[in-house]
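This briefing is meant for someone meeting the structure for the first time. Please look over the sequence and the model before reading the points that follow.

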Amino acid sequence: MELEQVRDNLRARGFRAEIFPDGKAASDYLNAAIDGTTVGFGGSVTLKELGLDKSLSTHNDLHWHWVGDSTERDRAMNTEVYLSSVNAMTEGGELLNIDGTGNRVASTLYGHKRVYFVVGQNKIAPDYEQALWRARNIAAPKNAQRLGMKTPCAARAERCYDCNSPERICRGLVVLWEPMFGTETEVLLVREDLGL
Ligand code: SF4
């Protein structure tokens, strides 16, 4: 499906949605839209790859536990703006995220005036079943490997074993069908592969 149709499907659900040719264009857009305010980040390789922590922190009060200590996780939950990516999304516009601690998915549901999702084209799957498969068998094992977890998926990051490991990172799944009441939610679709 063309990205234009995915964008239109997101808009039909009530999300704001735009398409960007590459991550640089998406970063420029965010730096113009988010200025002089408080910003929280969820754990996201996409945001890191784009250097958004560095660029946004030059003109915003930014909180991210990846660049500060773990107390930044709580501070990030009390910001006006929140940024994340997704583990997968459907062409129809459903957004899927699996989380271990829960701060990231909680913030995409409540507590911020604006939430932005930055989504590389590699995250888009044709339907819900395939998006869920992607989140569980591609994104989660790669994240477990990145975090050095003692889970069966971490060695080769080739699939999920639905483990019962104490270090299992997959503890909750959130699917956004539409923006939550009271939260302006925008999805930035990027025509390049980003994140895990
Ligand atoms: S459930 Fe366990 S095996 Fe599956 S991706 Fe998560 S941590 Fe890895």
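In this predicted model, the side chains of His-112 and Ser-107 are joined by a polar contact of 2.8 Å. A polar atom of the His-112 side chain also lies 2.7 Å from the backbone oxygen of Thr-79.

- His-112 is placed in the loop between α6 (103–109) and β7, and it counts as buried because its relative accessibility is 4%, where the cut-off for buried is under 20%.
- When neighbours within four places in sequence are left aside, the residues in contact with His-112 include Ala-76, Met-77, Asn-78, Glu-80, Val-81 and Tyr-82, and also Gly-182 and Thr-183.

**Strand β4 and its partners**
- From β4, Val-81 and Leu-83 point one way while Tyr-82 and Ser-84 point the other way, and all of these residues are buried.
- β2 and β4 run parallel and are joined by three bridges, with Phe-41 standing opposite Leu-83 in β4.
- β4 also pairs with β7 in the parallel sense, over four bridges, and here Ser-84 stands opposite Phe-117 in β7.

**Nonpolar cores**
- The largest nonpolar core has 19 residues, and those with the most contacts inside it are Leu-30, Ile-34, Phe-41, Leu-52 and Leu-83.
- Two or more residues of this core come from each of α2 (23–33), β2 (38–41), α4 (52–57), β4 (81–84), β7 (114–120) and β10 (184–190).
- A second, separate core is made of 18 residues, among them Leu-3, Leu-10, Ile-19 and Tyr-82.
- Leu-30, again leaving aside neighbours within four places in sequence, is in contact with Leu-52, Leu-56, Leu-83, Tyr-116, Val-118 and Leu-188.

**Aromatic residues**
- The structure holds three aromatic pairs, one of which is the tilted pair of Phe-20 and Tyr-29, at 5.0 Å centre to centre with 55° between the planes.
- Arg-159 lies over the face of Tyr-161, at 3.9 Å from the ring centre.

Key: Residues are numbered from 1 along each chain as its sequence is written. This is a predicted model: local features need pLDDT of at least 70, side-chain atom pairs count only at pLDDT 80 or more; totals for chains, interfaces and linings use all residues. Side-chain values use heavy atoms; hydrogens and water are left out. A nonpolar core is a set of buried Ala, Val, Leu, Ile, Met, Phe, Trp, Tyr and Cys residues joined through side-chain atoms within 4.5 Å. Buried means under 20% relative accessible area, exposed over 50%, partly exposed in between (1.4 Å probe, protein chains only). Contact means heavy atoms within 4.5 Å. A polar contact is a pair of N or O atoms within 3.5 Å; within protein, one must be able to donate a hydrogen and the other to accept it, and residues adjacent in sequence count only if both atoms are side-chain atoms. Rings of Phe, Tyr and Trp (its six-membered ring) pair if their centres lie within 6.5 Å; planes under 30 degrees apart count as stacked, over 60 as edge-to-face and the rest as tilted. A charge sits over a ring if NZ of Lys or CZ of Arg is within 6 Å of the ring centre and within 35 degrees of the ring normal. Two strands pair if DSSP finds at least two bridges between them.
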